Amino acid sequence: QVQLVESGGGLVQAGGSLRLSCAASGLAFSISTMAWYRQAPGKQRELVASIASGGTTNYAESVKDRFTISRDNAKNTVYLQMNSLKPEDTAVYYCYVPNRGYWGQGTQVTVSS
């Protein structure tokens with residue numbers, strides 16, 4: 001049974017930082033592409049960043065140079081370091097395994113102005 005457990009969300013002021021973590025179990029993590037998505041109220045879920053098994057990364061234009069995705073295969077965990085946060089980054093952030101269609105439960109990030 002695949003489980004993706006996100007943590008690290010919270011309330012932060014604009015300009016602040018947060019680091020999200022997603023601990024995975026029940027899948028071959030080291031060979032899986034992992035991704036972070038987010039969904040703001042009234043908006044569609046959108047890709048934030050992804051990281052392939054070999055480490056190649058991809059970012060949404062809106063978060064480039066502010067967010068960094070990384071992975072620790074020894075811990076079966078993917079991270080999203082978010083710096084210079086803006087109110088428009090407020091959303092529920094989800095961990096996702098693209099090739100398998102698995103989603104985590106989400107973690108709320110709220111950025112106050």
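**Strands 3 and 8, and their surroundings**

Okay, hi everyone. Let's start with strand 3 and strand 8: they pair in the antiparallel sense over six bridges. A strand here is a DSSP run of E with at least two residues, numbered from the N terminus, and two strands pair if DSSP finds at least two bridges between them.

Quick housekeeping. What you're looking at is a predicted model, where local features need pLDDT of at least 70 and side-chain atom pairs count only at pLDDT 80 or more, while totals for chains, interfaces and linings use all residues. Residues are numbered from 1 along each chain as its sequence is written, and side-chain values use heavy atoms, with hydrogens and water left out.

Zoom out and you get an open sheet of four strands in the order 1-3-8-7, with antiparallel pairing. Strand 1 (3-7) and strand 7 stand at the edges with a single partner strand each, so one side of each has no neighbour in the sheet. The twist averages 15° from one strand to the next, using axes that are lines fitted to C-alpha atoms and angles from 0 to 180 degrees between N-to-C directions.

Buried means under 20% relative accessible area, exposed means over 50%, and partly exposed is in between, with a 1.4 Å probe and protein chains only.

Now the core. A nonpolar core is a set of buried Ala, Val, Leu, Ile, Met, Phe, Trp, Tyr and Cys residues joined through side-chain atoms within 4.5 Å. The largest one has 29 residues, and Trp36, Val78, Leu80, Met82 and Tyr93 touch the most other members. Take Val78: leaving aside neighbours within four places in sequence, its contacts include Leu20, Phe29, Trp36, Ile69 and Cys95. Contact means heavy atoms within 4.5 Å.

Over to strand 9 (residues 91-97), where six of the seven residues are buried. Five bridges join strand 9 to strand 4, running antiparallel, and Trp36 stands opposite Cys95 there. Three bridges join strand 9 to strand 11 (residues 107-112), also antiparallel, with Val92 opposite Gln108. Strand 10 (residues 102-103) pairs with strand 9 too, antiparallel over two bridges, and Val97 has Tyr102 as its bridge partner.

Is Ser32 buried or exposed? Its relative accessibility is 11%, so Ser32 counts as buried. A polar atom of its side chain lies 2.8 Å from the backbone oxygen of Ala28. And, not counting residues up to four places away in sequence, Ser32 touches Leu27, Ile51, Ser53, Arg71 and Val97. That's me done, thanks!

Note on methods
Polar contact = N/O pair within 3.5 Å; in protein donor to acceptor, adjacent residues only side chain to side chain.
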